[in-house]
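Q: I'm new to this one and would like to learn how to read it. Could you show it to me and take my questions as they come?

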Amino acid sequence: GGLTLIFDDPTFVKMKLSFQNAAFAAALLGGVALGKNPLKLLLGDSLKMDDTAWRTLTVRYGLYFVAIAVANEVVWRTQTDEIWVGFRIAVLPLAIIFSLTQVPFMMKHLQQPDDQVSAPEPPDPGV
């Protein structure tokens, strides 16, 4: 944003979305390539899934961020400013829709916490 003001060139604002999403994709996919699960580090306390499910979810989000970065590059380089602004506004609902499409996968792979796996103890009959 600051570079846009300094150089009076809107190109920097248009490229920002690509840089941000490419950085997210690099962090997620790079983490998977290094044998880590970045999403598990962020969300592992909230969602209990096995490592394979975390890896799959991380790759899906990484590829989503790559797709948004590439789409942004195509749109801002080939379309008018008005169309790019519309695309930029549409990215947030698109992110929500993408996340909602991942819910069935997460529900399928959710693991029960250890304290809920065993059957509950019957109440004491009052000996």
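Q: Leaving aside neighbours within four places in sequence, which residues is Leu47 in contact with?
A: Bear in mind that this is a predicted model. Apart from those neighbours, Leu47 is in contact with Trp54, Met106 and Leu110. Leu47 itself lies in the loop between H3 and H4. Look at Leu110 too: 63 residues separate it from Leu47 in sequence, yet their C-alpha atoms are 6.9 Å apart in space.

Q: Is Leu47 buried, exposed or partly exposed?
A: Leu47 is partly exposed, since its relative accessible area is 22% and buried means under 20%. Leu41 counts as exposed, at 73% relative accessibility. Its C-alpha is 9.8 Å from that of Trp54, 13 residues away along the chain.

Q: Let me step back. How many helices and strands does the protein chain have?
A: Six helices and zero strands. Reading from the N terminus, you get α-α-α-α-α-α. Buried residues make up 28% of the 127 residues. The chain exposes about 8800 Å², and 67% of that comes from carbon and sulfur atoms.

Q: What share of the contacts with a separation of 6 or more joins residues 24 or more positions apart?
A: That share is 64% in this chain.

Q: Now pick a helix for me. How does the reach of H2 compare with the expected span?
A: H2 has 23 residues and reaches 32 Å from first C-alpha to last, close to the 33 Å expected at 1.5 Å a residue. After H2 comes Gly35, with a positive phi near 85°.

Q: And which residues of H2 are buried?
A: Here's the general idea to start with. An α-helix has 3.6 residues a turn, so residues three or four places apart point the same way. Now the case here: the buried residues of H2 are Lys14, Met15, Leu17, Ser18, Asn21, Ala25, Leu28, Gly31 and Val32. They pack against helix H3 (38-43), H4 and H5.

Q: Which residues touch the most other members of the largest nonpolar core?
A: That core has 21 residues, and the ones touching the most other members are Leu39, Met49, Leu57, Tyr61, Phe65 and Phe87. The elements giving two or more residues to the core are helix H2 (11-33), helix H4 (51-78) and helix H5 (81-109). H4 provides the largest share, nine residues.

Q: What does Leu39 touch, not counting residues up to four places away in sequence?
A: Find Leu39 in the picture and look around it. Leu39 touches Leu28, Gly44, Trp54, Leu57, Thr58 and Tyr61.

Q: Let's turn to rings. How many aromatic pairs are there?
A: A pair of aromatic rings is described by the distance of the centres and the angle of the planes. With centres within 6.5 Å as the cut-off, the count comes to four aromatic pairs. Take Phe24 and Phe65: their ring centres are 5.2 Å apart and their planes are at 50°, so this pair is tilted. Phe24 belongs to helix H2 and Phe65 to helix H4, so the pair ties together parts 41 residues apart in sequence.

Q: How are the rings of Tyr61 and Phe98 arranged?
A: Their centres are 4.9 Å apart and their planes are at 90°, so the pair is edge-to-face. This pair links distant parts of the chain, with Tyr61 in helix H4 and Phe98 in helix H5, 37 residues apart. Both Tyr61 and Phe98 are buried.

Q: Which residues form the aromatic cluster?
A: Phe24, Tyr61, Tyr64, Phe65 and Phe98 form one cluster.

Q: One last thing: where does Arg60 lie?
A: Arg60 lies over the face of Phe105, at 4.4 Å from the ring centre.

Conventions. Residues numbered from 1 in each chain as written. Predicted model: local features only at pLDDT ≥ 70, side-chain atom pairs only at ≥ 80, totals over all residues. Heavy atoms only, no water. Core = buried A, V, L, I, M, F, W, Y, C linked by side-chain atoms within 4.5 Å. Buried < 20%, exposed > 50% of the residue type's maximum accessible area, 1.4 Å probe, protein only. Helix = DSSP H or I, 4+ residues; strand = E, 2+ residues; numbered from the N terminus. Contact = heavy atoms within 4.5 Å. Expected span 1.5 Å × (residues − 1). Phe/Tyr/Trp six-rings, centres within 6.5 Å; stacked < 30°, edge-to-face > 60°. Lys NZ or Arg CZ within 6 Å of the ring centre and 35° of its normal. Areas by Shrake-Rupley, 256 points an atom, 1.4 Å probe, with all protein chains shown as cover.
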